[in-house]
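Dear colleague,

I am handing over the structure below, and I would be grateful if you could look through it alongside the notes that follow.

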Amino acid sequence: MASTVIPLRQSAVEKSLKQAAFDHLPLPAVCMNASAQVLAANVAATELLGLAAEAVVGRHLSELVAFRRHRESARRWAKLWARLQERSRLTLRAKLPLAEGRVLALELDAELLRFEQENVVAITLRDIEPQRRAEREERARRARLQALAQPATDLALLVGADRRVLAANAAAEAATGVAPADLLGVPFEYLLDEASSAEFLSAFEAARSGRSDEAGRGHLWRLRTRGDGRGGRWIEAALADRLRDPLVRAIVVSARDVTELRELAARAERIERRLVVFAENTADLLMVLDAGGVVRYQSPAIRAALGIEPESTLGQPGAALAIEEDRPALLKAIQAASIDVAGERTHACLVRANGANGAVHRLWVAIRNCSSEPALGGLLVTARDVGAALSQRAGEGPQQARRLEFRERLLELAIHTRADFAQSLARVLRTTAETLRADSVSFWRHARNPESLLCEAMFEGRHERFARDWIGVEFPATAFPEYFARLRDRQPLVVADARRSPLTAGLAGDRRWSGIRALLDAPVLLDGTVQGVLCVHHESPRHWDEDEVNFAATAALMVSLAMEAAQRQEAESRIEQLAWYDSLTGLPNRNLLRETMRDMIMTAANRRRRIAVMLIDLDRFKDVNDTLGHLVGDALIKSAAQVLKETVGDAGVVARLGGDEFVVLINEFEHRQEVALLAARMAQALHRTDLVPNVDTQVSASIGVALFPEHGREMSTLLKNADAAMYQAKRDGRNQFSFFNPIRAERAAREVQLGIQLLKAVQGDSPQFAVEYQPQVHMETGRVVGLEALIRWQHPAFGTLTPDRFIGVAEVSGLSERITRWVVNEVCAQIRRWREAHPGFDIPVAINVAGREMGSASLPILVRSALVKHDVEPRMITLEITERTLVKESEINNDVMSELASVGVGLVLDDFGTGYSMLGYLKRMPIQALKIDQSFVEGIPADADSCAIVHAMLAVARHFKLKVIAEGIETLEQVQYMRSIGCEYAQGYFYSRALPAQTILEYVERGAPEADKAPDIVP
């Protein structure tokens, strides 16, 4: 198809545009005049527009495009023409709706030209729809990654409109037991149990309908039972609607595993409920009065005793309980108790009270000041109806009074079960000894061995002191089997005379127990299991009556309540510790760091002060874990945390971010130098080998520093920039600190982005790589003796990239092996294509190989496979390895080198002279040739030092009988000099640049320039 030109302008256009070249331009091109009339269009343009040439040329722009408003095309063309008048050339992007309904996304290159006193514009069109689609996909991928961004321990998923999982982070596997890749496409409700699934469906619909309050609140859901037989995990989840976000188009489910926290909270709640039930079901009346004597709590027992509802007494004076005549006595007792702030005494009185039915009840009232108890915070009033007891015969009076005393003392003990366990236990032992008039009272707890008891505390009633020499004394089951057998029945053990009882027959033979004649032992139960024994001892035979046995049993109950309260406090402390502190180091964790950092930023912003955020990463910590084990790794983390706390001191806050990363926050410093000095001290303190006792570990730290407000005003920005600065310190050699550098950070970000694009290029279906070949020439004859394969990346945005732009990124990203595999196969395939076109083709091709591949046992397999697949002889392939790589012995595997040599491929040492190493490897390695680096060649023959170095290299090569190739030959003088000193082979721009594969055969047939004259044109 040929372009068509308007007859009116045919002569002018034909003179200006070379018709044939214009028609066959690879890019669509059109030529238009100032009136927006198409003067010419090439073949590619008509194909892009989907019209015949005659339907395009001569038409007005408004006839080809279909903007919503008729004048839109004219307005846009006028604006474009005006800009061209100013600048004569411009590039822009536009969307053009065609009349047929299609919309083209184009990049326009417009240039203003002048022909015969008339201005026209030549426009080339580039279809950028694939590029725009790739950009949209990349933005969507980034948006989804950002939506999944959670702390490492938090679960996050993206759920589509059909409730199926679109993406999941790594923490999802720990919670669900399913790999993130296997979760894709699974409806999220399938991961939950039946009840949680129904709640999720409701929350999901709320999120879709925009009821954010209902969807965004925390939901407690239970995951299904895992395949390993363990119970499902509990997660606290919230839903965020991102369905309307064109890049995400999903509901974000963010959750955290609260299984352990839920279990601890349930246990604490169970203990709390037991204490409440005990207080509300006691037969005695219990009241709590505030400092003014007003009732703040009333137990339900008042309903059974006086027929009064507990709620009716709240807010009333406590003295109103007594009849008018007895109120002064009760007020006096209340006032006395209020003065007794220490709560050392119980103030009691006998008063009368009216019941709801009019009956008068006589109450024994005891009042104690418990203001220091956080759970009470007032006066504890206990009352018991003693009317029936006082009405009995006079002979029973002392016995009843004794029982009242027992009950009063037990009530006193009940209010102290929430105190510290050691204090509660001491109070129980002292009170029991005083009430029962016993010589000693002790508490024995089961050791790890359930067949043994250890004394935890003993109170001697006669001396009114605690005996320290009894602590830790053992009471073994082997010596007293019958005693322990009775103890398992969970009933009190009552012995009136220890010398006559079979339970204690073994006590007589022990001097410690020789003075004990009577004992009353009550088991201490917790969750139905015997945890210990409360022992009441007397030094003379004694008959224990029922009231005393009951008192001892109840006192043992008080000990068990105190143990439960201690466990509850421990559970609450554990919950707080898990929520805010790192379990390994005790440092603030990520959650507490977030809160602390938020407060510091707000304070610094209000006061216009500066803060510093330091991110510390231990260098080579993974090597310690891999070689010495995780136990040593944990010990190293703990020691490093301690060193950081000691080094930072009061100057800042130290927190553990996770793994081997720590964060130090410095609040309101004056000068940047202060932060630098502290960072240097931290790096020096962590650079040591004795962090783990008895284990040598060489550790150092890389520290990144970000400052507020210079490097960010938000917490996430400061942490991100501190992390970037830390990686800058690592790239600079580790064991040092670095302040955030925006320029270096941007460069690193570009490298990361390039690595992502390189991965896409490697994984993509359409090839983005090509190989060009630079000839290696015998300088005397001009004959081509070899070719060096040089990979090129046809980047969709940056154009053609040479290996120096992306090979380093490929090695860091772990993609170098895949690229090497592609190059080896492409070279072998190209050799076969050359042979099909020219059967006599016999020129070997050199392939550059990274050091990482030379250390991999898969390289010989890769090369052998490619040779067999494409039917190419091994001698046709040569592998080039740089001297710098060879110096890094850790990257070279001698077995790999030997295996490659046995395959028959050639091995060439590239960049010879730049490795600064000993030359012993030339003797050890199976190398056939050396390549003199162009940095030495470019100075000859004028630079005497370069000449001397090249002479020495040639002498070494002759000694080892190695072929030598000079790189970077660009001038005739360099050719003549290298030939004069005995160098036979060369490559460089003097002979040829790297050429496309289709031109190699032509170049080989033509031959290289002769050595006595320079080429006319350097290809």
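The charged end of Lys-963 is placed over the ring of Tyr-985, at 5.0 Å from its centre, where a charge sits over a ring if NZ of Lys or CZ of Arg is within 6 Å of the ring centre and within 35 degrees of the ring normal. Arg-993 likewise has its charged end over the ring of Tyr-989, 4.2 Å from the centre.

Please keep in mind that this is a predicted model, in which local features need pLDDT of at least 70 and side-chain atom pairs count only at pLDDT 80 or more, while totals for chains, interfaces and linings use all residues. Residues are numbered from 1 along each chain as its sequence is written, and side-chain values use heavy atoms, with hydrogens and water left out.

There are 17 aromatic pairs, counted when ring centres of Phe, Tyr and Trp (its six-membered ring) lie within 6.5 Å, with planes under 30 degrees apart called stacked, over 60 edge-to-face and the rest tilted. Phe-769 and Trp-822 make a tilted pair, 5.8 Å between centres and 50 degrees between planes. Phe-769 belongs to strand 28 (residues 769–778) and Trp-822 to helix 27 (residues 816–837), so this pair ties together parts 53 residues apart in sequence; helices (H or I, at least four residues) and strands (E, at least two) are DSSP runs, numbered from the N terminus.

Ring pairs also join Trp-444, Trp-470, Phe-475, Tyr-483 and Phe-484 into a cluster.

With regards
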